[in-house]
Amino acid sequence: MFDTECLDDIYQAYCEGEIDDEVFSALTGSYNTGGLALNDLEAIGAFERDDLPTDSVKTNINQFWLNFVSPQKGKLGLRRYSKNLDNAVNYYYLNWQIQPVRLAIEAEDNNSDYYSRRRWLSMSSEPLDIVLGNFRAAESYGLTIGRFDYRPSAGITDNIESDFLYPYNNYYNGIKISARGRGFKGRFYYSKKKYISA
Amino acid sequence: MGIAAGHNKFINESVCDNRLAVGINLNIKTSDFNLSSEYANIEKSNGLFLNGERYINDMTLRTEFWRYGKNFNNYNCSGPSYSDYNSFYPEEQQLGFRSAQADETGLAVKYIKNDLSFGLMFWSHSHDEKINSSYNFRLLKPAFGRFDLFFLSSAKSRQEDGYFWSKTGLMIKDDSLLKRAGLKFYLEDRSGLTNNKSYIFLSFSHNLKENLTVFLKIRSYFNGRVRWYFGEELISDSGINIIAETTYYDGVRINLKIEKLL
């Protein structure tokens with residue numbers, strides 16, 4: 001197995017529009033070398049970094065007030081993809097955090113049609129992590145609960161609408177609660193997706 | 001040890017599809033080896049993935065095995081497989097969902113030592129008598145002075161689309177303008193050497209200032225066409241990042257990213 005899970009991530013990023021076909025081609029090429037690890041996807045270029053929350057967020061109540069007094073966390077930005085100068089898609093995004101709260105919102109502007117994309121709000125305070133909105137899930141090797149909530153692979157591709165409650169993406173959409181205890185870790189996921197025909 | 005369970009409910013018009021997936025995973029790890037696995041069951045169909053790693057000094061030997069039942073159709077499964085991106089259609093609907101794993105059995109072995117890795121993989125489906133296979137080879141070796149030699153090669157033997165490719169070249173470690181140079185050969189089972197996938201490549205990069213990098217990557221394909229890929233990355237101290245890339249090959253693509261750190 002040559003990092004097949006990584007190929008899966010690349011494919012998902014491509015479907016999501018996070019990377020264009022040039023980058024997709026380059027990444028799958030790297031995948032074929034067997035030298036590409038999952039984290040490389042974030043490291044390879046500026047256009048394919050993922051801002052979804054992870055389980056690695058650690059904080060405490062003191063850090064909360066420290067950040068509240070001096071918030072220097074987050075970013076506001078624009079990604080623009082264009083082909084032959086006349087077919088541009090803009091993505092606007094905001095990540096903002098005052099520990100232990102983090103917020104991310106992304107919107108798509110496709111020829112003046114606006115869509116909601118990933119958005120999530122997370123709060124982390126031992127022993128609980130809570131994410132509301134889009135999240136990823138990964139249990140062991142993903143046979144039972146995998147990393148993506150797959151959208152339909154056929155049937156609706158062009159005539160689709162996406163709203164704030166049910167953005168058209170491949171991530172889970174709902175709530176994720178992670179808890180830690182002595183020798184125990186538990187996670188609960190609830191996700192609801194809706195595919196709205198235009 | 002862990003236990004996972006997931007319930008999927010898919011409603012479309014008058015059809016409601018309910019699926020319950022239940023799985024168990026195990027992991028044993030020491031300084032010498034790592035054994036891990038996951039078994040899952042969904043709608044009376046089973047999936048199994050086993051991973052074993054043996055560490056000897058700076059060498060790792062990894063073996064993986066997977067087997068998925070014909071009806072192992074899980075809406076949320078990302079279990080390791082060859083990933084052919086097949087679909088399944090609940091209740092014969094037009095809406096298909098990804099089902100890459102169903103009906104696949106595979107075995108992979110990989111040897112890794114320093115900058116050398118070599119892997120073999122075999123996989124098959126019950127409806128296809130042919131056993132697919134692929135190999136993968138990677139070597140990065142200091143050559144002479146400031147140069148590293150790299151050699152990558154991969155091949156896949158498959159009924160529809162077998163291929164072989166190798167990419168070799170030099171990486172330059174110091175601050176010189178030229179960072180990488182080499183060539184790639186790509187051969188397909190059906191057509192032999194594929195000119196639109198085989199190319200000579202040159203990669204340049206230069207730090208104009210401490211925070212500003214410009215780059216140029218050129219691919220000269222065997223069919224005579226040239227692909228230009230260039231751009232810049234500015235990471236300013238004021239927290240404004242401007243990154244742009246342009247590809248000129250099959251039309252012009254321009255990607256731009258502007259962000260302000262808050």
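Visitor: How many bridges join strand 13 of chain B to strand 15 of chain B, and in which sense do these strands run?

Guide: In this model, which is predicted, six bridges join strand 13 of chain B to strand 15 (residues 199–209) of chain B, and the two run antiparallel. To see one such pairing, look for B:Gly182, whose bridge partner in strand 15 of chain B is B:Phe201.

Visitor: Where do strands of chain A and chain B pair with each other?

Guide: Strand 1 of chain A pairs with strand 19 (residues 251–261) of chain B, antiparallel and over nine bridges, and in this pairing A:Leu78 stands opposite B:Ile258. Taking the two chains as a whole, 45 residues of chain A are in contact with 51 residues of chain B. On the side of chain A that touches chain B, helix 1 (4–15), helix 2 (21–32) and strand 1 (74–83) of chain A each supply at least two residues, and the largest share, ten residues, comes from strand 1. Sorted by class, that side has 18 nonpolar, 15 polar and twelve charged residues.

Visitor: What is the order of helices and strands in chain A?

Guide: Chain A has four helices and nine strands, and read along the sequence they follow the pattern α-α-α-α-β-β-β-β-β-β-β-β-β. Among contacts in chain A between residues at least 6 apart in sequence, 52% join residues at least 24 apart.

Visitor: Which residues have the most contacts inside the largest nonpolar core?

Guide: The general idea is that in soluble globular proteins, nonpolar side chains tend to be buried together. In this structure the largest nonpolar core has 14 residues, and those with the most contacts inside it are A:Phe135, A:Ala137 and A:Tyr172. Another core, of twelve residues, lies apart from it and includes A:Tyr141, B:Ala40, B:Trp66 and B:Phe72. For chain A itself, buried residues make up 34% of its 198 residues.

Visitor: Which residues are joined by a cis peptide bond, and what is the phi of B:Glu43?

Guide: Most residues other than glycine have a negative phi, and most peptide bonds are trans. A cis peptide bond joins A:Glu126 and A:Pro127, with omega about 5°, and A:Pro127 lies in the loop between strand 4 (113–125) and strand 5 (128–135) of chain A. As for B:Glu43, its phi is positive, near 50°, and this residue sits in the loop between strand 3 (33–42) and strand 4 (45–56) of chain B. B:Lys44, in the loop between strand 3 and strand 4 of chain B, also has a positive phi, of about 65°.

Visitor: Is B:Lys44 buried or exposed?

Guide: B:Lys44 counts as exposed because 8 other C-beta atoms lie within 10 Å, where the cut-off for exposed is 12 or fewer. B:Glu43, by contrast, counts as partly exposed because it has 14 C-beta neighbours inside 10 Å.

How values were computed:
Residues are numbered from 1 along each chain as its sequence is written. Chains are lettered from A and ligands numbered from 1 in the order in which they are written. This is a predicted model: local features need pLDDT of at least 70, side-chain atom pairs count only at pLDDT 80 or more; totals for chains, interfaces and linings use all residues. Two residues are in contact if their C-beta atoms, placed from the backbone, lie within 7 Å. Ala, Val, Leu, Ile, Met, Phe, Trp, Tyr, Cys and Pro count as nonpolar, Asp, Glu, Lys and Arg as charged, and the others, Gly among them, as polar. Two strands pair if DSSP finds at least two bridges between them. A residue is buried if 20 or more other C-beta atoms lie within 10 Å of its own, exposed if 12 or fewer, and partly exposed in between; C-beta atoms are placed from the backbone. A nonpolar core is a set of buried Ala, Val, Leu, Ile, Met, Phe, Trp, Tyr and Cys residues joined through C-beta atoms within 7 Å.
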